[in-house]
Every structure is written in structure tokens, then in C-alpha cells.
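Thanks for coming, everyone. Please take a moment with the sequence and the structure before I walk through a few parts of it.

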Amino acid sequence: MTDAGLRVVMMVANDVTNDSRVRKEAAALAETGAEVTVLGVSANGLPSREMLDGALIVRVAVPYALREERKRSRTAHRNWRPPLVGYRYRATYVARSQRIAAELKELKADSGHAIARAKAGQGNPIKYKAGVATRLLRRARWKAAERAAWVRKGVGNKADAPFKFSWRAYDGVLHRLPWPAPWRKLHPEALDLEIAFGDLIDRIEPDVVHAHDMHVVGVAARAAGRASLRGRQLKVVYDAHEYVAGLSQYGARTRRSIAAWANHEREYIGDADRVITVSPAIATRLQAEHHLDHLPTVVMNTPNPADVSVEVSDIRSVIGLASDVPLVVYSGGVTRARGIHTAVQALVDLPDVHLAVVCVPAVANDAVRALQTEAAELGVEDRLHCVDPVGPDEVVAFLRTADVGLIPILRYPSHEMALPNKLFEYAFAGLPVVVSDMPSMKDFVGRTRIGEVFVAEDAHDLASKVRTVLTDLDSYRERVADPAYQQEVSWAGQAAKLRELYGELTGKQLEVRRPGGKIEKTGTHLLLGPVNSAGQAWLWATALERAHPDVKAESLTTGSGAFDFRVHRTGTYQQYRTDLRWQLELTSYALREVTHVLFEAGRPMFGQLPGDMWTADVPVLDQAGIKHGLVFHGSEIRDPAQHRDQYRFSPFRDPEDELTQRLQSANNNVRRHLRRYNGAGPIFVTTPDLLEFVDNGIWLPLSVDIDTFASTQPVLEREIPVVLHAPSASALKGSVYVDPVLKDLDARGLIKYQRVQDVPHKELAELVKSADIVVDQMLLGSYGVFACEAMAAGRVTVGHIADPVRQLLPTDLPIAEATPDDLAEVIERLVAERDTARKLADAGPSFVRDLHDGRKSVEVLLPFVRNEWVREDESE
């Protein structure tokens, strides 16, 4: 749990990025130390996570299957025609026509071949005449089919008009009726959002679920009901961004569609513990209409003062307009209901004034094109400038060089009660306003005297009011800049009201602990995981912290913990694969605190869906500015095909072997993702042989806790020495060759064979320290953690080390060379020549201390954690 002991889930049916209200409210709660997760809808169909303003944004891919099925069913009903009356699809008619044409061409070809054979005296004359009759019948058949297709199409065209007219009339009447308007039928997307968000909320187990706008209020209410079944209390906050029943009508947003959304809101608003809205008028109306116990809290959608100082190009620069030319601006959505056409018409009466329209979501849409067409017809197209929007935190700074801000919205119930956020954005940009005479705005502007009010849709009155403001611009600007007014419309006051509401709702004292919701990352923080293979991540992390106290380093494992390796952070396999709450907590922690991430074994850090690799986490880290790289330990990057070509005793000699095929498939997958990764971060390998399998790989030496393995047990003092073999993976280590040899030597009384596997690491350490000879692997051609531990304990260590691997090392490797061919001979010689064997064992601890006590590992990691690592192609 976080500092505030509060977990909040917010929901909204958009991708969050440009929703300034959602982001500001999430930040206001994150400032208290609350853990805030915002669930949004992915705009590109791909799930993603990022940290914004101190809150974790989780964008969910919502397929909207129920909505699409309704569209399909509705289209099918409207496309229905009686059998054989026309063609339902034009493609069907085209295909039929082409089939007939092909048959007629084939008929001509058959006739030509038959005539040619007859002229050449080939074939039977009777058969030829029978063929002529058959071809005539075929021609008559396909000509009749051609005529039938044409007639059917013609009849269909005639019948199509009344069908289409009837459906248009039906839809036209139906969409004008506010009843019946069942939301489940008309807006199944509300249930699509339930499917997308509901399970996530259940798994996160928040204290409060905050539903932004009417689309998701049902999702929140149902989540609270399910929580009650599990004995949990989940508080619901409904944030009414608009007066739903009075929404403006345009396009698919018909009277019936609006009524359906209003019914949806009406069904669930009573389940909310608190309601928030954007203006006093809407608050009063909601309480009266829905008989709410509490008057909804008004949290106006005012800007954050911090947005004023954002570095961004201004609107005059973008449109190329001189500072002495009067500029009126509108910023927001472009629909007929927003009334921008009135402003375009007003330009006729304002010959020296230019109008800039900041078009949300973009300039490229039909509504903007209609405005441009209207401007051309009025002869003012040279004074209309349509530009794409900037980010929510850049709007205020972007608008600051205009002269007047416009809000020309038309008369709809929701507009009449609204105090749009752009009213306050204009204020912080220092712009006086000219607004249409919607009651809430009219009262606000009249009280504050920051602009003028015109009659909605009256272009002449709008022009008159713009002239009034421009004539006395300094006076209006002075009132806009008044500190008292700026304080009234500042987001700080609104955020305080939101926190106060949450405090009353949860019984917690919520105070600002992290201004802006952000934690400044002042130091270096490395996270290694999620494997902690053989405890290596923990050893590297502790070595790094020991050598450089200014660096924080942590290891993470998500396995069973059966081998009992030390680790900083843990998660079970089930949490890693399915526990969204655990995944999001780790993601949020890393995005807030961590500066560098090293992925082990190509696995993602923050949870793994089937098929996911580390590349699934890379966009999240890149967006947060977190550096990242890879660590490969062995089988995940060791290419079986390449290995068997280079190593005589390779465990992958049989390409049909099940294990070989499985490892080859996994290796191929890793390499596909490596190509996508394209050297975006360093690629470390833990054993020198792996350098052959990775382009531009960096050897990160394994680390051993030498003190843990220091042994006082003399080597080869016993008459019958103890030989230990403890493979981590028998098939790869060559146990099939080791076991028979050592069992035979044991039976002959030359050695005492200890064979162990899958024992806790502490127990294994004691076995190593008490053995005389430790046999490592016979097939891979390199040495790993177990061999390093045996050398650290001063044991005689035996294994197969390929010559190229030995040549890569800066000093002689004190491992007795043995292969499946000569293992028995090597063990017998070591037992017989004990002084020579003891010298080899004595060299082990110093070798490990030089290369594997963590210091060399720190040297290798340091360029990465100090941000000094550069890609190979950049360093050339």
C-alpha cells in the first residue's frame, strides 16, 4: 500500500492522453501518496501502460464486440430483401456477371476448336453435329442467365428505393423519440466496457472506483456490488462531466441515443457514494432529478497554473500572423453544436480580424472541412486558420498570443448549465472572452466582467461583442489578470475540494505529499529480474551497492523459490502470470522509482501473458525515460544448431530430440525479438562461451559469495575421496555420461560418489565444501555458477571447457579438463596424483576472487548505470 494507504481506480472511455480533467484529478490524488490507476481505452488497439502525473495509466484494448454485433445485425436488417429481388451485395451481382461472361467465352472457344477439327477432317461428323446442338443449348442457357441477372438487378434497384426510403423514414422518426430508449440495446458498448474493465477492477481491489462520465458509471456500480459479495466495501464516485440528458445533438448522437445514455446514468447514479460535476447548475439539476442524498460536489475543470510556463510554440507563430493583427481563437471540439460556424460568419463583419480554430481531435475531419467550405463561400477563407491541437498541458501556453477567446456553443440543456474548461484555459492564457448566452456562462462572465456575451447563433451580435472587447482590450485583460480572479479559477482550489471529498468518503486525512504527483528520481536505481538465476541478480545488485553506495540496486524473482537464493523482491509464478494487482503495483513502483532495468533471460519484468517477451515492457520504459538492457544466462540464447556445429560433445547433437527442438524454438523466438530490439540497450551474457551466440554481447562475469563457500575441509586427505555431481539440468550437463563412470569408480572402491539434484542452495553449499572433487558439466564447453562455487571452496573442479573459452579468460582456469571420452581416466589420475590435484584446487579461490567476487561484474555494469554505454554503431 502507498503512503496514504489509499488505492483508487479511475475509469474513462477514452485513451486518457488528451482528457485534461481525468489527468488533473488523478494527479490531485496521487499528490497525497495514493496509488492511482487510470483505466482507459487504447486508441490504437494495443494495450499499454505509462506513468502520467504520478498515476499509472493502463490502456486496455477494447474490441467492442457487442457494439459491433449490434451494428452488423442492424445493417443486416436494413439490407434484407425478399428472395430473388435484386442482389443484397453488389459484389454478388458482379461475380454472377463475370461467371456468365466466362462461360460464354469458354463456349466460343469450344466452338472454335470443334470447327477446326472438322475442317481438318478429324473426328466423327455425327459427334460434331451433336456437339453443335449441345453448344446451342449451352449458349441459350447462359444468355438466359445473363438476361435473368440483368432483370434481377433491375428489379432490385426498383425495389431498393422504397426499402431504403422506409428505413430512413423509420430511423428518422425513431431517433427523434426519447422513448423507448433501452441503453442495453442502443449502447451495448457500455457492456463492452464492463467486459474490459470489470475484471481488472476486481483484481486490483481498490478502495474507491471513480467513474468519469456516463459511459462507465455502470461498470463502477457493478464492481461495488461484486466487492460486497466478497465482503469488501468499495466506494463509488461518479464524475458527471456534462448534463447527460441535455447533451447536444449531432450525427449519431440523436435524441434517442442521448435518452439511452441518460437512462444508463439514471439506473446507476443512485449507487454512487458521491457525485462530482463541473458546474453548480448541473449539480442542482442532478440532485433534483435523481433524488441524491448529497448535493454533487462541484469541481470545475480549470487549468493548472503550471501549464502557463510550458515551453511551446504559440498560435501566432504557427499560423504566421503578425502581433498587431487582431486574432480571435476557438479551442476545442469541432461540431455543429459548438457553434464555430457562427464565428466564421461573423468574420464578414470583422474585416480586420482573423479566426484561429484549434481543432480537437484533428484538422482532418468532415466538420472542419465544412467550416472551410463555408468560409470560402463567404470570402473569408484567408482569415480562417484551422490548426491541430497541442497536448493538454500545452493549451494555455499555446493560446497566450491571441487576443480574444471564443465559446460560441449553441442552445442545448447541457450547454446552458456548462462552465467549459476552455473558459478557464482562456483566463490563464490572459484572454478576455466572448461567449454565447448560455445561463451559467452568462452569469459567470457578467459577474467577473472578463468579457462579453452574445446571442447564440447571431453572427452580427458576436461580431459586435468582439469589436467591443478589441476596442478596450487592456481593460478586459486587466480584469482577467486580477489575482483574485486567477485564484478563483485556479485548479489548486478545485483539487483541494476533490481531496476533501475523498477524505470524507474514506475517513483518511489526505494531504499533499508529492506536489505534482511526481517523485523526482535524484539517484540511480537498478532493477534486475525477473529470474535471479542462481542468485546472480542479487549478488550483482549487492556488489554494485557495496562498491557504489550512491546506486540503489534490487533483484526480482518470480519463480518458486525452491532453491532458496537470496533476493530483494519476490513474486509467485501465478502473480507474475495472472495477478494484475501485483503486476500493476510493480509497474507503478518501477515507473516512479527505477532509472535502469535489466531483463533476465528475455522475459518481461511486469508480468507475462502467453507469448510475451521483454519487448512488451520496452515502450513503457522508453516513455518513462528508463534505461534498459538484457542479461542472458545460457539456454535461452545458446543456439542449439550453432552449438552442435561448433562443439563435438554438444547436448544438441540430435536435432530431432524433444528438448533440442523445444530449446531451438525458444531460441528462435528470442532472436526474433532481438532483431526488433535492435540494440536499444546493452546485451550482457554471463559465461564467455555465450559471446559466440550474441552480436555485440558483453561478458558480465558470474558472481560468487566467497565467504559462504570458504572451506576448512582438507582436499583429498581421505583415503576414498568424495566426488560430487549436482547438475542443475542433467540433459545439458551430461549426467548421462557422468553417472555410469562415477558409479563404476564408486563400485570399485576408488571414490565415494555423491549425486544430488534440486536441493536448496544452502544445503548444496555444505555438500560442495565437504567434497574433494566436484564434477561439473561435460557437454556445453564452458563453466558456470556451480563450477565457480566449487573453485571458491577450494575443491578440485572437473569439467569440459573448450579451448576458445579458455583463451578468452585473462588467467589460467583451474578446472581439470575432462570429456565423456576420458572422464574415468581423469578422475583416476586426480585420485592417484593428489599433490598435483591439490595445486589445482588451491588455485581456485584466487581465480574466483579475481574474476567472480562481484568486482569485475560491477566494472562491467557501471557504464550502463552511469549512462555511459553507447550502441556499437554509435561508437564507431
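Let me begin with Glu478, which is exposed, with a relative accessible area of 63%; exposed means over 50%, buried under 20% and partly exposed in between, with a 1.4 Å probe and protein chains only. This is a predicted model, in which local features need pLDDT of at least 70 and side-chain atom pairs count only at pLDDT 80 or more, while totals for chains, interfaces and linings use all residues. Residues are numbered from 1 along each chain as its sequence is written, and side-chain values use heavy atoms, with hydrogens and water left out.

Glu478 lies in helix α18, residues 473-480, where helices (H or I, at least four residues) and strands (E, at least two) are DSSP runs numbered from the N terminus. Glu478 also gathers with Asp472, Asp474 and Asp482 in a surface patch of negative charge; a patch takes residues with over 30% relative accessible area and no salt bridge, like charges being joined within 9 Å and nonpolar side chains within 5 Å. A salt bridge, in turn, is a side-chain nitrogen of Lys or Arg within 4 Å of a carboxyl oxygen of Asp or Glu.

Turning to the strands, an open sheet of eight has the order β3-β4-β2-β1-β5-β6-β7-β8, with mixed pairing. β3 (48-52) and β8 (297-298) stand at its edges with a single partner strand each, so one side of each has no neighbour in the sheet. Two strands pair if DSSP finds at least two bridges between them; β1 (residues 7-11) and β2 (residues 35-41) pair in the parallel sense over five bridges, and Met10 has Val38 in β2 as its bridge partner.

Finally, in strand β9 (residues 327-333), seven of its seven residues are buried.

Definitions and conventions. Areas by Shrake-Rupley, 256 points an atom, 1.4 Å probe, with all protein chains shown as cover. Lys, Arg positive; Asp, Glu negative; His and termini not counted. Charge placed at Lys NZ, Arg CZ, Asp CG, Glu CD.
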